[in-house]
Amino acid sequence: MKNNRRNVWMILPIYIFTIVFVAGPLFYMLALSFAGQKEGYGVSWSFTLENYAKILDPVYLDTFVQSLKLAFVSTLCIMLVGYPFGYFMARLSEKWKKRAMLFLMLPFWLNSLIRLYGWVIFFQKKGILNTILIKLGIIEKPLSILYSYPAIVVGMIYVLLPFMVLSVYSSAEKLDWSLMEAARDLGASSVCAFVQIAFPLTLPGLLSGVILTFIPSMGLFFIADILGGNKIVLVGSLIEEQMTRAGNWPFAAALAVVLLVLTSVMILLYRRIFHVETLEGIG
């Protein structure tokens with residue numbers, strides 16, 4: 001009995017923290033999404049579905065479509081770059097693994113805004129990229145890369161790439177490389193051995209990286225603002241605008257709830273497909 005009481009008192013602060021700082025704000029956001037807006041700033045606590053009906057407006061639906069499109073493109077590019085990076089990093093010696101990890105994480109010791117403004121300097125018409133291309137004779141006039149869709153994608157890749165690399169690396173590091181050697185000894189080519197052995201075993205890490213990059217890429221509005229010049233409005237940008245400029249907190253809460261539902265569905269599908277099936281296979 002004493003041990004049970006002691007365990008209860010040990011986990012009680014965790015429950016209190018979760019209720020106050022996690023569940024509490026979520027329930028408040030959900031309740032706020034059904035409230036109305038007073039003239040100017042303020043909230044009218046009267047139940048209404050107007051906020052959710054407003055999301056069905058083509059303008060706001062297009063914002064969700066643009067966010068999903070950018071998230072898919074960014075995640076695909078991150079996957080194409082991050083998977084080989086994490087896979088081959090796991091095959092390095094311990095000495096070079098530590099160095100590769102250091103090189104991967106070193107830029108992220110700086111503030112993300114400072115690093116993004118570095119890309120602004122790199123992409124602007126008189127920036128480093130255009131200067132190099134002109135001196136090499138590849139182009140004659142500076143390219144207008146800054147404040148464009150490709151610039152936003154590059155920013156997304158730069159910020160979210162470590163999540164993919166570390167997820168793939170954690171799976172590839174646990175891989176039994178003797179299986180690859182056995183497949184090669186039995187006559188399989190390196191490509192065939194990778195497709196049939198290495199890729200399926202590292203697929204959970206790849207899919208975890210997809211979740212960790214796809215979900216944040218829908219809400220990282222500051223990247224679109226800095227590198228895109230507000231030409232592409234994401235859901236996160238719309239929520240920020242409704243809260244700070246329009247003062248429509250209930251509508252911003254409704255947008256956040258819909259975004260939360262979309263991301264939660266993705267996580268549940270991931271867990272359902274790749275965790276439940278694994279348990280059933282073991283059973």
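Which residues does R184 touch, not counting residues up to four places away in sequence? They are S189, S190 and A193, where contact means heavy atoms within 4.5 Å. R184 itself is placed in helix α8, residues 177–185. Its relative accessibility is 46%, so R184 counts as partly exposed; buried means under 20% relative accessible area, exposed over 50% and partly exposed in between, with a 1.4 Å probe and protein chains only.

The model is predicted: local features need pLDDT of at least 70, side-chain atom pairs count only at pLDDT 80 or more, and totals for chains, interfaces and linings use all residues. Residues are numbered from 1 along each chain as its sequence is written, and side-chain values use heavy atoms, with hydrogens and water left out.

The protein holds 12 helices and 2 strands. These are DSSP runs numbered from the N terminus, helices being H or I of at least four residues and strands E of at least two. In sequence order the pattern is α-β-β-α-α-α-α-α-α-α-α-α-α-α. The radius of gyration is 24 Å, well over the 19 Å that the globule rule gives for 283 residues, so the protein is more spread out than a compact globule. That radius is taken over C-alpha atoms, and the rule is 2.2 Å times the number of residues to the power 0.38. The C-alpha trace spans about 75 × 75 × 35 Å along its principal axes.

Of the 283 residues, 35% are buried. Among contacts between residues at least 6 apart in sequence, 67% join residues at least 24 apart. The protein exposes about 17,500 Å², of which carbon and sulfur atoms supply 69%; accessible areas come from the Shrake-Rupley method with a 1.4 Å probe, and for residues only the protein chains shown count as cover.

S148 sits in the loop between α6 (128–135) and α7 (149–173). With 18% relative accessibility, S148 counts as buried. Its side chain reaches the backbone oxygen of I145 at 2.3 Å. Leaving aside neighbours within four places in sequence, S148 is in contact with L227 and G228.

T263 belongs to helix α12, residues 249–282. Its relative accessibility is 10%, so T263 counts as buried. A polar atom of the T263 side chain lies 2.9 Å from the backbone oxygen of L260.

Terms used
Polar contact = N/O pair within 3.5 Å; in protein donor to acceptor, adjacent residues only side chain to side chain.
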